[in-house]
Amino acid sequence: MKHHYDTIVIGAGIAGCSTAYFLKQKNQKVLLVDKNGIASGGSGAAGAFFSPKVGINLPIKQLSDEAFLFAHDLYKKHFNGHFFQSGILRIPKDAKDAQKFEIYRRYITLKHEIYTPQMLKELGIQSDFEAILFPQAGICNPSICEQMAQGIELDLSDIKELYQENGFWICGKHSAKNIVLATGYETDLLDIRYMSIKGIWGNRGDFKTDLKLDFSMHKNISISANFDGVIKIGATHELDVEEAIPCDDKSVTGLLEKASSLIDSSDFELIGTHCGMRASNRDYMPVVGKIIDVEYMLQNSPNILDGRKYPLKYIPNIYVHNALGARGFVFALYCANELANHIATDKAIDARLDPDRLFYNWIRKAKYI
Ligand SMILES: Cc1cc2nc3c(=O)[nH]c(=O)nc-3n(C[C@H](O)[C@H](O)[C@H](O)COP(=O)(O)OP(=O)(O)OC[C@H]3O[C@@H](n4cnc5c(N)ncnc54)[C@H](O)[C@@H]3O)c2cc1C
């Protein structure tokens, strides 16, 4: 039997679960759909470090700081058993990076403290350079996605097509007024090539150890504090791949080697390996909002490929929440709240997230594609 919803969210990673969470708060009848279950994609593989961006004052850093504070508040208030505020030390990779950190410090707006190499040594961390501690940062357990999805119906289906009938979307066995695509690196349900979303592969190893480590840290890899005798080490690599690379224990050897230059990993025993893909786009900003009807634009805008601009036509009542990059657990809640407000109350979405910004850049090159 077909069930009808206000909104169906496809993809139950941190993007989909947080969107469903905010929509439910707005009294929407919501269905979450995922082919493999909650946090089965990149969100389950993630070390899920909740870590601020360090850098110069670019729009991405400003957005990241705002999203960090927004999510921090909610994680502390409503998701305490799934968020651990261990603090995160940001450690420069090398002397050149340390020089950059000197500059970056001017732009830090979040609470922070400087740790000298001697202070780090007392914590059991080897570094020739000063590090920056962000005490509000920490680790999310991917179980936070399940907590967000509590009380929301879940359908375990692999959606192969979407179409509209009498003004409603048909999605597998169900129908809805609105659809949200939160499918991570898999983007073949609609033509959204203009958003240039690509998958980047990464892995994480979980190690049993007695090492006392109170802070989490990030250098060229991320290392968690010791929670209940387990330290997680993770990284996503700059590797564009079409499909996720299978996971094996060998793939985390490199991570452990890198960790060994920072901390004493001599008693580390591998107890779990996780691999997955994260989705990023060209400008590293999330994409949240309406979806342009690319086919219509190409067919009905005679000189669009020569650079002429036309009013944009959108596919009705379908939205995207994607390209959260290496900071899914920082960006998702802010983005989800913006999108849920828009769907439920028609409030405009933060313009910085608007995928439209990518359309004319893409169309300029489209005639060569
Ligand atoms: C190894 C690794 C380490 C990472 N570390 C961190 C970190 O420390 N901190 C951080 O903030 N971020 C980290 N990230 C990035 C973070 O994981 C991503 O930003 C985040 O997972 C994106 O969430 P998402 O919901 O957009 O995508 P995903 O979690 O990938 O969710 C997409 C979901 O859509 C489902 N789906 C796709 N197509 C369909 C379909 N047709 N029908 C039904 N279901 C479908 C998939 O099954 C999947 O569950 C890491 C990523 C990886 C891979």
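**Exercise 1. Determine what percentage of the 369 residues in the protein is buried.**

Solution. The model is predicted; local features require pLDDT of at least 70 and side-chain atom pairs count only at pLDDT 80 or more, whereas totals for chains, interfaces and linings use all residues. Residues are numbered from 1 along each chain as its sequence is written.

Step 1. A residue is buried if 20 or more other C-beta atoms lie within 10 Å of its own, exposed if 12 or fewer, and partly exposed in between, with C-beta atoms placed from the backbone.
Step 2. By this criterion, buried residues amount to 44% of the 369.

**Exercise 2. Describe the secondary structure, the dimensions and the contacts of the protein.**

Solution. Step 1. The protein holds 10 helices and 19 strands, which are DSSP runs numbered from the N terminus (helices H or I, at least four residues; strands E, at least two).
Step 1. The radius of gyration, taken over C-alpha atoms, is 21 Å, close to the 21 Å from the globule rule (2.2 Å times the number of residues to the power 0.38), so the protein is as compact as a globular protein of 369 residues.
Step 2. Along the principal axes, the C-alpha atoms fill a box of roughly 65 × 50 × 35 Å.
Step 3. Two residues are in contact if their C-beta atoms, placed from the backbone, lie within 7 Å. Of the contacts with a separation of 6 or more, 77% join residues 24 or more positions apart.

**Exercise 3. State how the protein is divided into domains.**

Step 1. The C-alpha centres of domain 1 and domain 2 are 32 Å apart.

**Exercise 4. Characterise the shell around the ligand.**

Solution. Step 1. The shell has 45 residues, of which G13, G41, G184, G202 and G328 come nearest; a residue is near if its C-beta atom, placed from the backbone, lies within 6 Å.
Step 1. Elements that give two or more residues include helix 1 (14-25), strand 13 (198-208) and helix 9 (328-345). Strand 17 supplies the largest share, four residues.
Step 2. Domain 1 and domain 2 each contribute at least three residues.

**Exercise 5. Decide whether E269 is buried or exposed.**

Solution. Step 1. E269 belongs to strand 17.
Step 1. E269 counts as exposed because it has 8 C-beta neighbours inside 10 Å.
Step 2. Apart from neighbours within four places in sequence, E269 contacts F207 and K208.

Note on methods: Domains from an automatic or database assignment.
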